[in-house]
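Please read the briefing below alongside the sequence and the model, following each residue as it comes up.

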Amino acid sequence: MKSSQKPKAKSQKPKGKTGTVPRVRAPGGTVPVFPEPGVPRKSWDHYFMDIAQLVSERSTCLRRKVGAVLVRERRILCTGYNGAARGLAHCDEAGCLRDKLHIPSAERIEICRGIHAEQNALVQAAAFGINVNGATLYCTHEPCITCAKMLLNAGIKEFVVEHPYPDKFGRDMLAQAHVRVRKPA
């Protein structure tokens with residue numbers, strides 16, 4: 001070897017236990033930092049639903065943590081979570097008026113300082129000029145009737161939801177509009 005040539009670098013094996021994959025804490029347990037060999041990738045539905053779940057962690061509602069993600073062509077358009085309107089004290093600070101008045105879920109939704117996750121996602125899209133027509137909603141919970149009407153008028157074509165919401169009218173309206181509502185696949 002000539003003195004001007006550098007020796008080839010040898011590949012170094014990572015130190016530590018062989019066959020182990022580094023893990024990090026996440027909601028519900030730990031997840032691998034790198035995909036483990038032989039473990040299939042998440043479906044797009046589960047990927048976006050996991051993001052909706054993560055978004056819900058910003059919620060300040062005392063009753064239900066909800067996260068929403070609007071997606072078109074496998075691209076996130078905007079997100080929203082339920083919480084007080086801008087400039088108002090959050091429910092985790094001011095308390096829940098609905099609890100104080102003993103109002104059940106899905107009834108008298110106008111008596112609430114919060115805005116629903118789906119509404120917040122639509123407001124964020126409007127504020128930043130994002131067209132959501134033809135998008136899919138990934139949401140931790142089914143929409144109430146008010147959110148269902150807003151989402152229909154915004155042109156949302158499909159709803160992927162994880163948990164039910166006790167609003168039969170919202171479900172009926174989506175069925176009448178022939179909008180697909182399903183669990184993540």
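Leaving out residues up to four places away in sequence, Asp45 touches Tyr138, Val160, Arg182, Lys183, Pro184 and Ala185, where a contact means heavy atoms within 4.5 Å. This is a predicted model, in which local features need pLDDT of at least 70 and side-chain atom pairs count only at pLDDT 80 or more, while totals for chains, interfaces and linings use all residues. Residues are numbered from 1 along each chain as its sequence is written, and side-chain values use heavy atoms, with hydrogens and water left out.

- Asp45 sits in helix α1, which covers residues 44–56; helices (H or I, at least four residues) and strands (E, at least two) are DSSP runs numbered from the N terminus.
- With a relative accessible area of 9%, Asp45 counts as buried, the classes being buried under 20%, exposed over 50% and partly exposed in between, with a 1.4 Å probe and protein chains only.
- The side chains of Asp45 and Arg182 are joined by a polar contact of 2.4 Å, a term for a pair of N or O atoms within 3.5 Å of which, within protein, one must be able to donate a hydrogen and the other to accept it, with residues adjacent in sequence counting only if both atoms are side-chain atoms.
- A polar atom of the Asp45 side chain also lies 2.8 Å from the backbone nitrogen of Ala185.

- Val71, in strand β3 (residues 67–72), is buried because its relative accessible area is 4%.
- Neighbours within four places in sequence aside, Val71 is in contact with Phe48, Ile76, Leu77, Ala135, Thr136 and Tyr138.
- Val71 and Ala135 are 64 residues apart in sequence, yet their C-alpha atoms are 5.4 Å apart in space.
- Phe128 belongs to the loop between α4 and β7 (136–141) and is exposed, with a relative accessible area of 63%.
- From Phe128 to Cys78 the separation is 50 residues in sequence and 9.4 Å in space, C-alpha to C-alpha.

**Pockets**

- The largest pocket has a volume of about 790 Å³; on a 1 Å grid over the protein atoms alone, a pocket is an open set of points where a 1.4 Å probe fits, with protein on both sides within 12 Å along at least five of seven lines, and lining residues have an atom within 4 Å of a point.
- Among the 21 residues that line the largest pocket, Val31, Pro32, Lys42, Tyr47 and Asp50 lie nearest its centre, and the elements giving two or more residues to this lining are β2 (29–32) and α1.
- Helix α1 gives the most to the lining of the largest pocket, with six residues.
- The second largest pocket has a volume of about 330 Å³, and of the 15 residues lining it, Tyr81, Ala84, Ile115, Asn120 and Gln124 are the closest to its centre.
- At least two residues of the lining of the second largest pocket come from each of β4 (75–81), β5 (83–84) and α4 (117–127), and α4 gives the most, with four residues.

**The protein overall**

- The protein has six helices and nine strands, and 34% of its 185 residues count as buried.
- Of the contacts in the protein with a separation of 6 or more, 52% are between residues 24 or more positions apart.

Conventions
Grid points are joined across faces, edges and corners, and a volume is the space filled by probe spheres set on the points.
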